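Dear colleague,

Please find the structure below, together with its sequence. My notes on the domains and the pocket follow.

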Amino acid sequence: MPFLSATLDRVKPSPTIAVTTLAAELKAAGRDVIGLGAGEPDFPTPEHIREAGKRAIDAGHTRYTAVDGIPELKQAIVEKFRRENGLAYTPDQITVGTGGKQVLYNALMATLNPGDEVIVPAPYWVSYPDMVRLAGGEPVEVVGAFENGFRITPDQLEAAITPRTKWLIFNSPSNPTGAGYSPDQLKALTEVLERHPHVWVMTDDMYEHIAFPGFDFRTPAQVAPSLYERTLTVNGVSKAYAMTGWRIGYAGGPTALIGAMRKIQSQSTSNPCSISQWASVAALNGPQDFLAENAKLFLRRRDLVVEGLNAAEGIDCPVPQGAFYVYPSIAGCIGKTSRSGSRIETDEDFCRALLEETGVAVVFGAAFGLSPCFRVSYATSDEQLKEACARVQDFCAGLS
C-alpha cells in the first residue's frame with residue numbers, strides 16, 4: 001500500500017510468533033497439535049513474585065513511573081549485576097524496558113546511522129537482524145558452523161569488522177541453538193574486540209540461569225573489563241523467573257548510552273508496567289534457589305529431546321550447553337518425499353510437512369540464519385516432548 005513506510009520492506013514478521021499463532025489456530029480448530037515453537041517456560045511465575053505483584057496493586061502502585069524504571073528496581077538490578085556478574089553499575093547506568101526486546105531495540109535506535117553495520121552471529125534470534133534494519137543499520141551475519149557447535153571463531157569476527165561496524169550482538173547461551181561460549185572461547189573473542197575500539201558489544205544474557213553442568217556462564221564485560229565502557233549488558237526476568245508475560249527487561253551500560261536510550265523510550269512507550277516492576281524487585285531480591293531446580297528440570301528435558309531426535313532417521317541433534325532449545329540438522333532429510341507426497345527441499349518444507357502430517361509445530365532454520373535445521377523449544381512437559389519425538393521419528397521413517 002503506497003502510504004506504508006518503505007522501512008517495512010526491509011523486515012519480515014517474526015517467524016517464531018507466526019508458528020506459535022498457527023499452532024494455536026490449528027488446536028482451536030480441533031487438530032491434535034504439539035506446539036514446540038514458543039520460547040517460554042511452561043511453569044507458573046513463583047508465588048512470592050506473584051504475591052509482590054498483588055501487593056503492588058493493593059498499595060496503589062498503578063500509576064506512571066520514571067520512564068526507565070523505579071529506583072527500587074534499578075537498585076535491585078545494580079545488586080544483581082554485582083552479586084552474579086561482578087559488574088559495578090550505579091542506578092544512572094541502568095535502564096528498564098518492556099521486555100529485553102525493547103531494551104535491545106532502544107539501544108539500536110539510539111546509536112545507528114544509515115550504513116552502520118552490526119555483526120550478528122548466526123544462528124541468531126530472529127529479531128536481531130530486523131531490529132537492526134528498522135533502526136537504519138545493516139546486519140552482517142557471521143555463521144557459527146554446525147561442526148563448531150554453532151560458535152563463531154575469532155578469525156571470523158576479525159574478518160567481519162569494518163570501519164562501519166558499530167556493534168557486535170552476542171548471545172550465550174543462545175536462542176536458537178542453546179550453544180554457549182566457555183570463558184576461554186569468550187576471552188578469545190574479546191581479544192579481537194580489544195583491537196577495535198570503535199566496536200561496541202551488546203550482550204543478550206537472557207538465558208544466563210538456564211545453564212547445564214560443564215558450562216560456566218560469563219558475560220563479556222566480566223571476562224574483559226577493558227570492554228566495560230563500550231558494553232551494554234542486557235538481561236531480564238522473562239526466562240529464568242517464568243515471567244514472559246510480565247514484560248520486564250533491563251540493561252547496564254555507559255551513562256551516556258543509557259540516557260540516549262531513555263530519550264527513545266520517553267517518546268515511545270514511556271515506563272514499563274508499574275506492577276511488573278514491583279514484581280521484578282521481588283524476583284531479583286528474593287529467593288534464588290528455585291533457579292537451580294528449574295535448570296535441572298530443563299536438563300532432563302534436554303536429554304530426553306536430544307536422544308529422541310537423534311533416534312530419527314536423517315536428523316543430527318547436538319547437545320546444547322544452556323537455554324531450552326535444540327537446533328538439529330536435517331541434512332539427511334533433504335531431497336526426500338513424505339508419505340503424503342510433500343517434497344522436502346528446504347527446512348521450511350520439512351517443518352510445514354511435519355506440522356500438516358503429524359501436528360508437531362517447530363520453527364524452520366532459515367528463520368534463524370542457518371539451514372537445513374529446525375528449532376525445538378523443550379519448555380513443555382515430558383509427556384508432550386516424548387510424543388513429539390515419537391511423531392518426528394515416524395515422520396522421518398516415512399521419508400523416501
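Helices here are DSSP runs of H or I with at least four residues, numbered from the N terminus. The model is predicted: local features need pLDDT of at least 70, side-chain atom pairs count only at pLDDT 80 or more, and totals for chains, interfaces and linings use all residues. Residues are numbered from 1 along each chain as its sequence is written, and side-chain values use heavy atoms, with hydrogens and water left out.

An automatic or database domain assignment divides the chain into domain 1 (8–44 + 290–398) and domain 2 (63–285). Their centres, taken over C-alpha atoms, are 26 Å apart. Contact (heavy atoms within 4.5 Å) involves 35 residues of domain 1 and 36 residues of domain 2. Across this interface there are zero salt bridges, defined as a side-chain nitrogen of Lys or Arg within 4 Å of a carboxyl oxygen of Asp or Glu.

The largest pocket holds about 600 Å³ of space. A pocket is an open set of points on a 1 Å grid over the protein atoms alone, where a 1.4 Å probe fits, with protein on both sides within 12 Å along at least five of seven lines; lining residues have an atom within 4 Å of a point. The volume is the space filled by probe spheres set on the points, which are joined across faces, edges and corners. Of its 28 lining residues, Gly39, Lys101, Trp125, Lys239 and Arg247 are the closest to the centre. Helices H1 (15–28), H4 (100–111) and H5 (127–134) each supply at least two lining residues. Because both domains give residues to the lining, the largest pocket lies between them.

Kind regards
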